[in-house]
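The sequence and structure come first, followed by the details.

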Amino acid sequence: MKTECIGDYVKLNDKKYPCTVSLTMDLIGGKWKTVILYHLKDEPKRYNELRKEMPSVTEMTLSLQLKQLEKDGLVSRKVYGKKPPIKVIYGLTDFGKSLLPVLKAITEWGNQVVAEKGEFIYAEEN
(Lines give C-alpha, C1' and ligand atoms only; values in the text may rest on other atoms or scores of the structure.)
Protein backbone atom coordinates (compact mmCIF):
# COMPACT_ATOMS: atom_id res chain seq x y z
CA MET A 1 0.00 0.00 0.00
CA LYS A 2 1.26 3.47 -0.82
CA THR A 3 1.29 5.41 2.44
CA GLU A 4 1.06 8.79 0.70
CA CYS A 5 -2.39 7.79 -0.60
CA ILE A 6 -3.96 6.42 2.60
CA GLY A 7 -6.09 9.54 3.01
CA ASP A 8 -7.40 12.11 0.60
CA TYR A 9 -4.78 14.59 1.81
CA VAL A 10 -1.73 14.91 4.02
CA LYS A 11 -1.26 17.81 6.41
CA LEU A 12 1.76 19.59 7.86
CA ASN A 13 1.66 22.79 9.89
CA ASP A 14 -2.02 23.41 9.08
CA LYS A 15 -1.35 23.15 5.34
CA LYS A 16 -3.01 20.43 3.27
CA TYR A 17 -1.35 18.65 0.35
CA PRO A 18 -2.70 16.07 -2.11
CA CYS A 19 0.24 13.72 -1.39
CA THR A 20 3.62 13.50 0.34
CA VAL A 21 5.47 14.32 -2.89
CA SER A 22 3.58 17.61 -3.08
CA LEU A 23 4.45 18.33 0.57
CA THR A 24 8.13 17.56 -0.07
CA MET A 25 8.30 19.74 -3.18
CA ASP A 26 6.67 22.61 -1.29
CA LEU A 27 9.41 22.37 1.34
CA ILE A 28 12.45 21.92 -0.93
CA GLY A 29 11.24 22.60 -4.48
CA GLY A 30 12.15 25.48 -6.72
CA LYS A 31 15.43 26.55 -8.21
CA TRP A 32 17.32 27.51 -5.04
CA LYS A 33 16.05 25.81 -1.87
CA THR A 34 17.79 22.49 -2.47
CA VAL A 35 20.96 24.29 -3.60
CA ILE A 36 20.99 26.28 -0.35
CA LEU A 37 20.49 23.12 1.68
CA TYR A 38 23.33 21.45 -0.27
CA HIS A 39 25.70 24.31 0.59
CA LEU A 40 24.78 24.04 4.28
CA LYS A 41 25.15 20.25 4.43
CA ASP A 42 28.69 20.20 5.84
CA GLU A 43 28.70 23.25 8.09
CA PRO A 44 26.79 26.39 9.03
CA LYS A 45 27.61 29.47 6.96
CA ARG A 46 27.19 33.21 6.94
CA TYR A 47 24.98 34.85 4.34
CA ASN A 48 27.97 36.21 2.38
CA GLU A 49 29.59 32.77 2.28
CA LEU A 50 26.43 31.40 0.68
CA ARG A 51 26.39 34.31 -1.81
CA LYS A 52 29.98 33.54 -2.85
CA GLU A 53 29.17 29.85 -3.34
CA MET A 54 26.04 30.69 -5.38
CA PRO A 55 27.00 33.77 -7.41
CA SER A 56 24.06 33.49 -9.82
CA VAL A 57 21.38 33.83 -7.13
CA THR A 58 20.17 37.36 -6.44
CA GLU A 59 20.42 38.76 -2.92
CA MET A 60 16.65 39.13 -2.70
CA THR A 61 16.04 35.53 -3.81
CA LEU A 62 18.62 34.13 -1.40
CA SER A 63 17.16 36.14 1.46
CA LEU A 64 13.58 35.08 0.67
CA GLN A 65 14.51 31.42 0.27
CA LEU A 66 16.47 31.41 3.54
CA LYS A 67 13.46 32.93 5.32
CA GLN A 68 11.16 30.28 3.84
CA LEU A 69 13.55 27.45 4.76
CA GLU A 70 13.75 28.87 8.29
CA LYS A 71 9.95 29.18 8.52
CA ASP A 72 9.59 25.56 7.39
CA GLY A 73 12.07 24.44 10.06
CA LEU A 74 14.80 23.19 7.70
CA VAL A 75 17.32 25.96 8.41
CA SER A 76 18.21 27.76 11.63
CA ARG A 77 19.29 31.39 11.82
CA LYS A 78 21.51 32.39 14.73
CA VAL A 79 22.32 36.05 15.38
CA TYR A 80 25.46 36.96 17.32
CA GLY A 81 25.88 40.48 18.70
CA LYS A 82 23.45 43.28 19.32
CA LYS A 83 24.97 46.17 17.36
CA PRO A 84 26.00 46.27 13.71
CA PRO A 85 27.87 44.60 12.32
CA ILE A 86 26.04 41.60 13.68
CA LYS A 87 27.01 38.08 12.73
CA VAL A 88 24.28 35.83 11.32
CA ILE A 89 24.92 32.12 10.79
CA TYR A 90 22.63 29.76 8.87
CA GLY A 91 22.72 26.02 9.45
CA LEU A 92 20.64 22.92 8.99
CA THR A 93 18.26 21.99 11.77
CA ASP A 94 17.82 18.34 12.71
CA PHE A 95 14.80 18.34 10.40
CA GLY A 96 16.99 19.80 7.62
CA LYS A 97 19.68 17.19 8.30
CA SER A 98 17.07 14.49 7.74
CA LEU A 99 17.23 15.55 4.05
CA LEU A 100 20.95 14.70 3.72
CA PRO A 101 20.32 11.27 2.12
CA VAL A 102 17.96 12.93 -0.37
CA LEU A 103 20.53 15.65 -1.18
CA LYS A 104 23.17 12.95 -1.66
CA ALA A 105 20.91 11.03 -4.05
CA ILE A 106 20.08 14.20 -6.03
CA THR A 107 23.79 15.04 -6.30
CA GLU A 108 24.74 11.54 -7.41
CA TRP A 109 21.94 11.41 -9.97
CA GLY A 110 22.92 14.83 -11.36
CA ASN A 111 26.56 13.74 -11.63
CA GLN A 112 25.50 10.58 -13.45
CA VAL A 113 23.33 12.53 -15.92
CA VAL A 114 26.16 14.94 -16.72
CA ALA A 115 28.69 12.11 -17.07
CA GLU A 116 26.40 10.22 -19.47
CA LYS A 117 24.70 13.01 -21.40
CA GLY A 118 26.53 16.27 -20.77
CA GLU A 119 29.89 17.58 -19.73
CA PHE A 120 31.55 19.10 -16.71
CA ILE A 121 32.90 22.59 -17.44
CA TYR A 122 35.72 24.00 -15.39
CA ALA A 123 36.30 27.73 -14.98
CA GLU A 124 39.54 28.89 -16.51
CA GLU A 125 42.14 29.93 -14.01
CA ASN A 126 43.21 33.57 -14.19
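Which residue takes a positive phi in the hairpin of strand 4 and strand 5? Gly-81 does, with phi near 95°, and the hairpin has six residues between its strands.

## Basis of the values

This is a predicted model, in which local features need pLDDT of at least 70 and side-chain atom pairs count only at pLDDT 80 or more, while totals for chains, interfaces and linings use all residues. Residues are numbered from 1 along each chain as its sequence is written, and side-chain values use heavy atoms, with hydrogens and water left out.

Helices (H or I, at least four residues) and strands (E, at least two) are DSSP runs, numbered from the N terminus.

Strand 4 (residues 75–80) pairs with strand 5 (residues 87–92) in the antiparallel sense, over six bridges. Pairing here requires that DSSP finds at least two bridges between two strands. Val-79 has Val-88 of strand 5 as its bridge partner.

The loop between strand 4 and strand 5 also holds Pro-85. The peptide bond from Pro-84 to Pro-85 is cis, with omega near 0°. Most residues other than glycine have a negative phi, and most peptide bonds are trans.

## The loop between strands 1 and 2

Two non-glycine residues with positive phi are found in this loop: Asn-13 and Asp-14. Phi is near 50° for Asn-13 and about 65° for Asp-14.

Relative accessible area sorts residues into buried (under 20%), exposed (over 50%) and partly exposed (in between), using a 1.4 Å probe and protein chains only. Asn-13 counts as exposed because its relative accessibility is 62%. Asp-14 has a relative accessible area of 71% and is therefore exposed.

Leu-23, Leu-27 and Ile-28 are buried in helix 1 (residues 20–28). They cover an arc of only 110° around the axis, so they lie on the same side of helix 1. The arc is that of the directions from the helix axis to the C-beta atoms. An α-helix has 3.6 residues a turn, so residues three or four places apart point the same way.

The buried residues of helix 1 pack against strand 1 (10–12), strand 2 (15–17), helix 2 (33–39), helix 4 (59–71) and helix 5 (94–97). Contact means heavy atoms within 4.5 Å. Gly-30 follows helix 1 and has a positive phi, near 95°.

## Salt bridges

The whole structure contains five salt bridges, each defined as a side-chain nitrogen of Lys or Arg within 4 Å of a carboxyl oxygen of Asp or Glu. Side chains of opposite charge can pair when their charged atoms come close. One of the five joins Asp-14 to Lys-11 at 4.0 Å, N to O. Both Asp-14 and Lys-11 are exposed.

Another salt bridge links Lys-41 and Asp-42, at 2.9 Å from N to O. Lys-41 is partly exposed because its relative accessibility is 30%, while Asp-42, at 64% relative accessible area, is exposed. Lys-104 and Glu-108 also form a salt bridge, at 3.6 Å from N to O. These two residues are four apart in helix 6 (residues 100–117), so about one helical turn separates Lys-104 from Glu-108. Lys-104 counts as exposed at 53% relative accessibility, whereas Glu-108 is partly exposed at 45% relative accessible area.
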